[in-house]
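The structure comes first, then the details.

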Amino acid sequence: RYAYVNGRYVDHREASVHIEDRGYQLADGVYEVVGVRDGKLIDEKLHIDRLGRSLGELRIDWPVARPTLGFIIRELMRRNRLRDGLVYMQVTRGVARRDHAFPTKPVKPALVLTTKNSKRAEPDPGPGIAVKSHPDIRWERCDIKTVALLPNVLAKQAARESGAYEAWLVDGKGNVTEGASTNAWIVTKGGELVTRATDNAILAGITRHTLKVLAGDLQLKLVERPFTLAEAKDAKEAFITSATSFVTPVVKIDGDTVGDGKVGPTARRLREEYVRFAA
Ligand code: PDD
């Protein structure tokens, strides 16, 4: 298996970056995760657009031109015979002697790509997952996809230690913002599909965006508004979305059953539609 590191395709086991890389020292960098299904990148353009936005917000230059990045992604997929899984790409501000402020003499941003194989996502969602709530202690720019993920790491770990797969982050008002690495959705007893509107408190998920379009095609009633943890526990259905989880039903929140504890028809249908779209 290969990794791409600053212009070279190298053996993944030997791939490394400089100890003075600002991503390593200061989490001064951004990333993207693009799902791959049956050899096809899912929503590549939207992911690269979002990478450009994240870079812009942090005033980091593109490490390579956009078309070049597209080429590198494909070359790495080819070398690694990637059919199903994901492509991870990361851009950091670059290598410079440690100082919080940007390097005064501009340095070249560092670009790293890896791939990960996984088994092909099935339209069938399986039994669903449990989530655990956790206070959202992140910063006020969660719209930027940065590698500064320590609050997400701690929340996810707390969830895993309690036997849950994902953490749902709850803000000071009691509203669920999103998951540690996913967006959060519910279906109310009134039949409304609810997910929080995008602002600086959450990442504008690409899967979230595409699912909104698919939900519209199915003429589901979508409302973008905050929802509380209590409302989620009382909902008919709940689910998460991301490039890696696609659409995954949530059947338990903090040990409480959602609906009848089984995967509901809306999450099931939306996952089927999403997998069909990705194929
Ligand atoms: N996570 N919210 C957060 C905080 C995320 O980290 C992610 C993605 C999402 C979903 O976004 P998208 O649908 O574009 O994947 C929402 C990736 C998969 C990760 O960190 O591995």
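## Helix H5

Helix H5 covers residues 206-217, 12 residues in total. At 1.5 Å a residue it should span 16 Å, and its end C-alpha atoms lie 17 Å apart, which agrees. The expected span is 1.5 Å times one less than the number of residues. Helices (H or I, at least four residues) and strands (E, at least two) are DSSP runs, numbered from the N terminus.

This is a predicted model: local features need pLDDT of at least 70, side-chain atom pairs count only at pLDDT 80 or more, and totals for chains, interfaces and linings use all residues. Residues are numbered from 1 along each chain as its sequence is written.

Ile206, Thr207, Arg208 and Leu211 of H5 are buried (20 or more other C-beta atoms within 10 Å of the residue's own; exposed means 12 or fewer, partly exposed in between; C-beta atoms are placed from the backbone). The buried residues of H5 pack against helices H2 (44-58) and H7 (265-278). They also pack against strands E10 (183-187), E11 (193-195), E13 (237-242) and E14 (246-253). Contact here means C-beta atoms, placed from the backbone, within 7 Å. Gln219 follows H5 and has a positive phi, near 55°.

## The ligand shell

The ligand is surrounded by 14 residues. The closest are Leu203, Gly205, Ile206, Thr207 and Ala243. H5 and E13 are the elements that give two or more residues to this shell. H5 gives the most, with three. A residue counts as near if its C-beta atom, placed from the backbone, lies within 6 Å of the molecule or strand.

By class, the shell has four nonpolar, eight polar and two charged residues. Ala, Val, Leu, Ile, Met, Phe, Trp, Tyr, Cys and Pro count as nonpolar, Asp, Glu, Lys and Arg as charged, and the others, Gly among them, as polar.

## Gly190 in its loop

Gly190 sits in the loop between E10 and E11. It counts as exposed because it has 10 C-beta neighbours inside 10 Å. Gly190 and Ala235 are 45 residues apart in sequence, yet 9.0 Å apart in space, C-alpha to C-alpha.

## Helix H3

H3 (residues 66-79) has 14 residues. Its buried residues are Leu69, Ile73 and Leu76. They cover an arc of only 70° around the axis, so they lie on the same side of H3. The arc is that of the directions from the helix axis to the C-beta atoms. Pro67, Thr68, Phe71 and Arg78 are exposed on the other side.

Technical notes:
Contact = placed C-beta atoms within 7 Å.
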